[in-house]
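Me: Could you take a close look at one helix of this model with me? I'd like to see how it sits in the whole chain, and then what its surroundings look like.

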Amino acid sequence: MFYNIIVYVVYVALLPVYRLRVRGAENIPQGAAVVCGNHTARVDAVVVFLALFLHGNRPAIIAKAELFKNPIARWFFTYMGAFPVQRDKADLNAIKKSLTVLKQGKKLIIFPEGTRVKEGNVEAKSGAAMMALRTHSPVLPVYITPGRKAFRGCTVTFGKPFLLPQPAKADAEAYKEGAEHIMDCVEQLGKEVARCG
C-alpha cells in the first residue's frame, strides 16, 4: 500500500512536467521480461518504471551505484525495487540479483548501453542479453522520447516481446551478439514511432 502511494505521488508530481503517454501497453507480457530501451536522459528509468507500474507491474531497475551513496536515497531506491551496479567492472552481485529478479517472474529494466548516450550513438553491452538467455526470459523493447522531455511531452512505446535465439555456446561473443540484436530492435522500434508520429 505504501509502495503504491509513493509511486502515485511521483506520477502525479511528474505528470504536468513530462506529460507521460504510454503506447503499446498491450505488448507487455505477463511474468518476467528484460525491459530494454534507449537511454538519452536521466528520467528514462523513471518514466519506464511508471509506464509499467500503471499497467499492473512492479518492476526492478538496475541503477548506477553512485545513486546509492546517500543513505536516504539508498533506502528509497532499494524500497522501490532498484539495486546498484558497478559499471566499471563485472559486478557479480548485480548479476546475481538480476537473475533472481527474473527467476521470480518480475520485470527488470536495464539500458543495454550502460549509460546515457546521444541518439544514434549506441554501443550495446552484453549484460541484458546474458540475463535474458540465462533465464529464458523474453526481451521487451521500449522506445522513450529521446533527449530533453520536461514540458515537451514524453512517450514510452513498448514493442512486441521476443526471445533471443539460444546460442550453441553461451559465451561472451554470443552475449554481445544478443545485445546488438536487442538494440537493433529498439532502434527499429524508434523508426516505427517516428513514422507513425
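Reply: Happy to! The protein chain has 6 helices and 7 strands, where helices are DSSP runs of H or I with at least four residues and strands are runs of E with at least two, numbered from the N terminus. Please keep in mind that this is a predicted model, in which local features need pLDDT of at least 70 and side-chain atom pairs count only at pLDDT 80 or more, while totals for chains, interfaces and linings use all residues. Residues are numbered from 1 along each chain as its sequence is written, and side-chain values use heavy atoms, leaving out hydrogens and water.

Along the sequence, the elements follow the order α-β-β-α-β-α-β-α-β-α-β-β-α. The C-alpha atoms fill a box of roughly 50 × 45 × 30 Å along the principal axes. Of the 197 residues, 47% are buried, meaning under 20% relative accessible area, with exposed being over 50% and partly exposed in between (1.4 Å probe, protein chains only). Contacts are heavy atoms within 4.5 Å; among those between residues at least 6 apart in sequence, 72% join residues at least 24 apart.

Which residues of helix 6 are buried? They are Ala-174, Tyr-175, Gly-178, Ala-179, Ile-182, Met-183, Val-186, Leu-189, Gly-190 and Val-193. The spacing in that list is worth a glance with this in mind: an α-helix has 3.6 residues a turn, so residues three or four places apart point the same way. The cover over these buried residues includes strand 2 (33-37), helix 5 (127-135), strand 6 (139-144) and strand 7 (154-158).

Glu-177 is also found in helix 6, but this residue is partly exposed, with a relative accessible area of 49%. Its C-alpha atom is separated by 40 Å from that of Pro-16, which is 161 residues away along the chain.

Glu-123 lies in the loop between strand 5 (107-110) and helix 5, and is exposed, at 57% relative accessible area. Leaving aside residues up to four places away in sequence, Glu-123 touches Pro-112, Glu-113 and Lys-176.
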